[in-house]
Amino acid sequence: MANVLALTGSLRARSYNLAALKAAQELMPEGMKMTIADYAQVPLYNQDVQDQGIPAAVTQLREAILAADGLLIASPEYNFSVSGVLKNAIDWLSRVSPQPFKDKPVAILSVTAGPVGGARSQYELRKILGCLDALVLLKPEVFIGACMTRFDADLKLTDQATRKILGDQMVAFAAWMDRLAKR
Ligand SMILES: Cc1cc2nc3c(=O)[nH]c(=O)nc-3n(C[C@H](O)[C@H](O)[C@H](O)COP(=O)(O)O)c2cc1C
């Protein structure tokens, strides 16, 4: 049984990235379970705040990541880069000990309105996670562009080709977590 924690880089209720995480949850192979983290209470990073003590929301998120077998991140692309809320949370987590990304199996997907599907931001995210010694699944890459055409009005992922690649990624992620657990 692999327990996956999911993070979305968008906090809005009707987020397509959140919807993609829910679709990934449906498409996961048997034995894989996912919980979506709520980290909206993480404050803006400020070293003065850190010096007063790590905020509870950061500690809570760190504990959830440490306890998970793997981390699934779905994020929109903002101005060709990683969303600010996600980067902010990562910056906080990079300052706590133990640093929870170290050796953590991670899979990434991105959903955007634009046609490129967040590829530019995904490579930035891979670079950031590399800095933190996370072990990011390489393939299949999942870039979901033109999101309005791939989800219905209830935010269900209806595009069959996208469902297939997302399901394939979940299978590969299960194998990735298994492989790393046996190291
Ligand atoms: C601040 C901001 C910057 C954006 N920059 C990009 C971008 O660089 N590339 C892109 O494809 N879409 C961009 N978008 C559009 C997002 O892809 C779109 O709003 C998407 O639905 C956001 O994901 P969400 O539905 O999970 O919130 C941007 C949106 C915002 C709010």
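In what order do the elements of the protein chain run from the N terminus on? They run β-α-β-α-α-β-β-β-α-β-α-β-β-α, where helices (H or I, at least four residues) and strands (E, at least two) are DSSP runs, numbered from the N terminus. The model is a predicted one, in which local features need pLDDT of at least 70 and side-chain atom pairs count only at pLDDT 80 or more, while totals for chains, interfaces and linings use all residues. For making selections, residues are numbered from 1 along each chain as its sequence is written.

Begin with the whole protein chain, whose secondary structure comes to 6 helices and 8 strands. Its radius of gyration, taken over C-alpha atoms, is 16 Å, close to the 16 Å that the globule rule (2.2 Å times the number of residues to the power 0.38) gives for 183 residues, so the chain is as compact as a globular protein of that length. Along the principal axes, the C-alpha atoms fill a box of roughly 50 × 40 × 25 Å.

Next, select helix H1 (residues 16-27) together with helix H6 (residues 160-181), which pack at an angle of about 65 degrees with their axes 9 Å apart; these axes are lines fitted to C-alpha atoms, for helices over the stretch in contact, and angles run from 0 to 180 degrees between N-to-C directions. That angle makes H1 roughly perpendicular to H6, a term that covers 65 to 115 degrees. The contact, which requires C-beta atoms, placed from the backbone, to lie within 7 Å, is made by Ala-23, Ala-24 and Leu-27 of H1 and by Arg-163, Leu-166, Gly-167 and Met-170 of H6. These residues divide into 5 nonpolar, 1 polar and 1 charged, where Ala, Val, Leu, Ile, Met, Phe, Trp, Tyr, Cys and Pro count as nonpolar, Asp, Glu, Lys and Arg as charged, and the others, Gly among them, as polar.

Move on to helix H3 (residues 56-67) and helix H4 (residues 84-93), whose axes come within 10 Å and cross at roughly 85 degrees, and which are therefore roughly perpendicular to each other. Here Val-58, Leu-61 and Arg-62 in H3 meet Ala-89, Trp-92 and Leu-93 in H4, and the residues of this contact divide into 5 nonpolar, no polar and 1 charged.

Finally, select the ligand and the 15 residues around it, of which Ser-10, Ser-15, Pro-76, Thr-112 and Gly-114 come nearest; a residue is near if its C-beta atom, placed from the backbone, lies within 6 Å. H1 and strand E4 (77-78) are the elements that give two or more residues to this shell, whose residues divide into 7 nonpolar, 6 polar and 2 charged.

Note on methods. Parallel < 35°, antiparallel > 145°, perpendicular 65-115°, else oblique. Contact = placed C-beta atoms within 7 Å.
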